[in-house]
Amino acid sequence: MTQVVAVTGNEAVANALRQINPDVCGIYPITPQTDMMQRFASYVSDGKVDTEAILVESEHSSMSACIGAAAAGGRVVTATSSQGLALMWEMLHIASGDRLPIIMPVVNRALSAPLNIHGDHSDAMGARDTGWIQLWSENGQEAYDNTIQAFRIGEHMDIRLPVMICLDGFIISHSIERIEYLEDAEVQNFVGPYKNFLPLLDLDKPKSYGPLILPDLYHEYKKAQHEVMAKVTDVVLDVAKDFEKMSGRSYGLFETYKLDDADIAIVILNSAAGTTKDVIDEFRAKGVKAGLLKPRLFRPFPYRKIADALQHTKAVCVMDRADSFGGYGPLFMEIVSALYHAKDKPLLMNKIYGLGGRDYLPEHAETVFSELIELANGSPLKNVKEYLGARE
Amino acid sequence: MATGLKLKELSKKEDLFTHGHRMCSGCGAPIVVKMILLATDYPVVASNATGCLEVSSCIAEYTAWKIPWIHTAFENAAATISGVETMYRSLKKRGKMDKDIKFISFGGDGGTYDIGLQSLSGAMERGHDMIYVCYDNGAYMNTGIQRSSATPLGADTTTCPAGIAIPGKIRPRKNLTKIMAAHNIPYVAQASPSNWMDLMKKVRKAHEITGPKFINILSPCNRGWRSKTNDAISLSKIGVNTCYWPLYEIENGVTKITFKPKEKKPVVDFLKPQGRFKHLFAPENEWLLTKMQEEVDTEWEKLLKEEQCV
Amino acid sequence: MKQKGWKDLAPGSVILEGGNAVNFKTGSWRAFRPVWIEENCIQCLFCWIYCPDMAVKVKDSKRNEFDYDFCKGCGICALECPGKKGKKAIEMIEEGK
Ligand SMILES: Cc1ncc(C[n+]2csc(CCOP(=O)(O)OP(=O)(O)O)c2C)c(N)n1
Ligand code: SF4
Ligand code: SF4
Ligand code: SF4
Ligand SMILES: [Mg+2]
């Protein structure tokens, strides 16, 4: 029996973590993640979970402790945002290099300077090369569902990698929406008991984690890590299939909206997809074949399948809520890479939008679609990358 | 069953830190580790900060550790073991672990006094059941003898080289042992491998106390100290006998000096055999020698007073 | 020896065999070699407890030969050895002499 509730994204994810009842959880505050872990802390205090919480003194220590705990042998979670994720950066690579399936919701927020506590994707995009699996979520429901699926993906015996679940700060973390909760028992059944792999606490087989590896082998270790990542997409799809059986909600590597016959399309992550879909309906009503692609799995990036889904279009705008200064937006770079090998490919442009919590409004999507129509009709592209709606 | 602290008995124990490690010939750190593990009669899991001990003991698919061991990074050995220890408690609570395990974290002075201080402070404050051991060789040795806040006054290092304008390190050492005592943790101690019995007793005592413990151990480094490969023990002995490195413990706030030299030697006895202090013996740097002696005296007097306070 | 390929490596670079450094011999680092003079030995085992390289063999609490596969020749044992009546039970001699 599903339970329908009206809760915030943070609350929904915290509830997923409660239902899973992990062995250890690292807790440290940062807006807009703070109240997710606060909620979890009260589950601990109220005995609703019997997780051991580590109330660390920094995110660096949080990830370090999570690594220690996961290596010890058990299910480990933490959550963060922005500066917290940035502070963890060094340890993110170690979590993945050590193949530890730590699960971490990331409530996306801008990075300093200037200081800004609102939503954009700079934090998680900055962590895209850390070897973590990244699942992105449009709304609270997806964040909840992705969190539950993340355990199955990361802990899969062929994978054993850490997973970030990205959701937009404030827009999703703090907005109340209708969410369907699964039953505790269903979630526990779905996730299953934690399976140990090379636990440090196995005294009979003493192991050493974290050796110094020289140039004669380091390259091979990284190749092995690359190969593991290559197996992730199939696992994500398998887990999604099982999840659909249980919940009735279906997930893929990405979501498309009216893309099959589209001439023009927007590629966009997370919450802004919702607004874009509404505008697509408007344009469709006017007879414009507009569509959308919203990646869900950003790492590993499903290049081939995304190229297949986009190659028939005439013009595509990739929307980035993060910038790579001196480069194109991070999502744009992936889409260009994906399409490079496609036989037919659309014209491409890149818009940077919504930084530091700037609203993404229907009129923004309208502007972009209008530009796409012109581009598709042969107008030259002035700049590949542009800031959307930035005042002069 | 506890092994008696007699070498004959201890020698029957298995080496949990094995030969085949790649620390320099005559390095003090492996002696320290060996003594700690010999004194430990429990199953033990260790973490290690990046540094000489770590890179030389677990390298290129060879590990000298016969106990479960984890290295993650430089500044977080305490946080890392705190995670391991927390998982252990969680599994115990959930009935998935039936063994009694002890936890030790090893860090160099750079990884402890400097970059790892926050992580250590946090772990101590949180009250994890663990011993943190700092093997203090007085500089960042692994990266080539750079100064740390544990580097003694006057020492010549590669980032505070003794030059004409500046005669080496012009700041005194940070007193980390006291900083750890200020955390009001149940046990803090200072030890030296020269006094092996004292060191092992402290480790034993620490294991029997629940909660966070800290032991600071002098760990000679002949490369960085510019001394001989055979003097790790003799130099640490002089360090103790000059009261440069007093042996004491603070148990539940009560200070006890565990070894008082019969005759307190002048600190130059400790400095003279070390090339890193060579320049101090030039006439223009004599003031540094005087200052060093004053500092050692002041600290020692303070310690004696603290002991009497009880 | 054939070098390992990426498929041969343990996941997460974990070393699965604790203490396998015993297979990595360090004896060749030695420039000076300690020599045990048994008749001067009082079996105090200081050499054993102070050796940084676990290169003094002890069997049934009795000092045995050096383990030259691992001894790096630092000379700590020789310096710390009390010996008998002022006569050291360990002497350092130059390798190859
Ligand atoms: C974040 C970070 N900064 C710097 C380094 C480089 N580094 C590695 S070991 C080391 C020095 C270690 O010094 P210490 O802790 O005193 O141990 P020792 O080598 O002297 O035994 C440094 C600076 C690093 N690994 N990580
Ligand atoms: S540099 Fe110093 S601390 Fe490092 S291994 Fe050599 S002697 Fe030991
Ligand atoms: S010379 Fe050094 S390494 Fe060799 S046995 Fe003596 S103390 Fe050990
Ligand atoms: S230190 Fe000297 S006297 Fe003592 S056991 Fe070793 S060799 Fe014998
Ligand atoms: Mg050091």
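How many strands form the open sheet that includes β9(A) and β10(B), and in what order do they stand? In this predicted model, 9 strands form the sheet, and their order is β9(A)-β4(B)-β1(B)-β5(B)-β6(B)-β8(B)-β7(B)-β9(B)-β10(B). The pairing in this open sheet is mixed. At the edges stand β9 of chain A and β10 of chain B, the latter covering 254-259. Each of these has a single partner strand, so one side of each is left without a neighbour in the sheet. Strands of a sheet pair through backbone hydrogen bonds, and the pairing is either parallel or antiparallel.

Two of the pairings can be followed residue by residue. Inside chain B, strand β5 (residues 102-108) runs parallel to strand β6 (residues 130-136), and 5 bridges join them. In this pair, Gly108(B) stands opposite Tyr135(B) of β6(B). The other pairing crosses from one chain to another: strand β9 of chain A, residues 208-209, is joined to β4(B) by 2 bridges, and these strands also run parallel. Here Ser208(A) is the residue opposite Trp69(B), which belongs to β4(B).

On the chain B side 43 residues are in contact with chain A, and on the chain A side 43 residues are in contact with chain B. Between them the two chains bury about 3200 Å², with 61% of this on carbon and sulfur atoms. There are 6 salt bridges across this interface. Among the salt bridges between these chains is that of Asp23(A) with Lys96(B), whose closest N and O atoms are 3.9 Å apart.

Which elements of chain B give two or more residues to the side that touches chain A? They are α3 (52-57), β2 (58-59), β4 (69-71), α4 (77-93) and α6 (117-126). The largest share comes from α4(B), with 12 residues. By class, this side of chain B divides into 20 nonpolar, 13 polar and 10 charged residues.

Chain A also meets chain C. In this interface 14 residues of chain C are in contact with 17 residues of chain A. The two chains bury about 1400 Å² between them, 71% of it on carbon and sulfur atoms. The count of salt bridges across this interface is 0, and 2 residue pairs are in polar contact, with both residues at pLDDT 80 or more. The side of chain C that touches chain A has 7 nonpolar, 5 polar and 2 charged residues.

The remaining stops are the ligands. Around ligand 2 lie residues of chain B: Met23(B), Cys24(B), Cys27(B), Cys52(B), Asn137(B), Cys221(B) and Arg223(B). This shell has 5 nonpolar, 1 polar and 1 charged residues.

Ligands 3 and 4 have residues of chain C around them. Those surrounding ligand 3 include Cys51(C), Cys71(C), Cys74(C) and Cys77(C), along with Pro34(C), Phe66(C) and Lys72(C). By class, the shell of ligand 3 has 8 nonpolar, 2 polar and 1 charged residues. Ligand 4 is surrounded by residues including Cys41(C), Cys44(C), Cys47(C) and Cys81(C), with Trp36(C), Gln43(C) and Arg63(C) also among them. The shell of ligand 4 has 10 nonpolar, 1 polar and 1 charged residues.

Technical notes. Residues numbered from 1 in each chain as written. Chains lettered and ligands numbered in written order. Predicted model: local features only at pLDDT ≥ 70, side-chain atom pairs only at ≥ 80, totals over all residues. Heavy atoms only, no water. Contact = heavy atoms within 4.5 Å. Buried area = accessible area lost by both parts, 1.4 Å probe. Salt bridge = Lys/Arg side-chain N within 4 Å of Asp/Glu carboxyl O. Helix = DSSP H or I, 4+ residues; strand = E, 2+ residues; numbered from the N terminus. Nonpolar A, V, L, I, M, F, W, Y, C, P; charged D, E, K, R; others polar. Pairing = 2+ DSSP bridges. Near = heavy atom within 4 Å. Polar contact = N/O pair within 3.5 Å; in protein donor to acceptor, adjacent residues only side chain to side chain.
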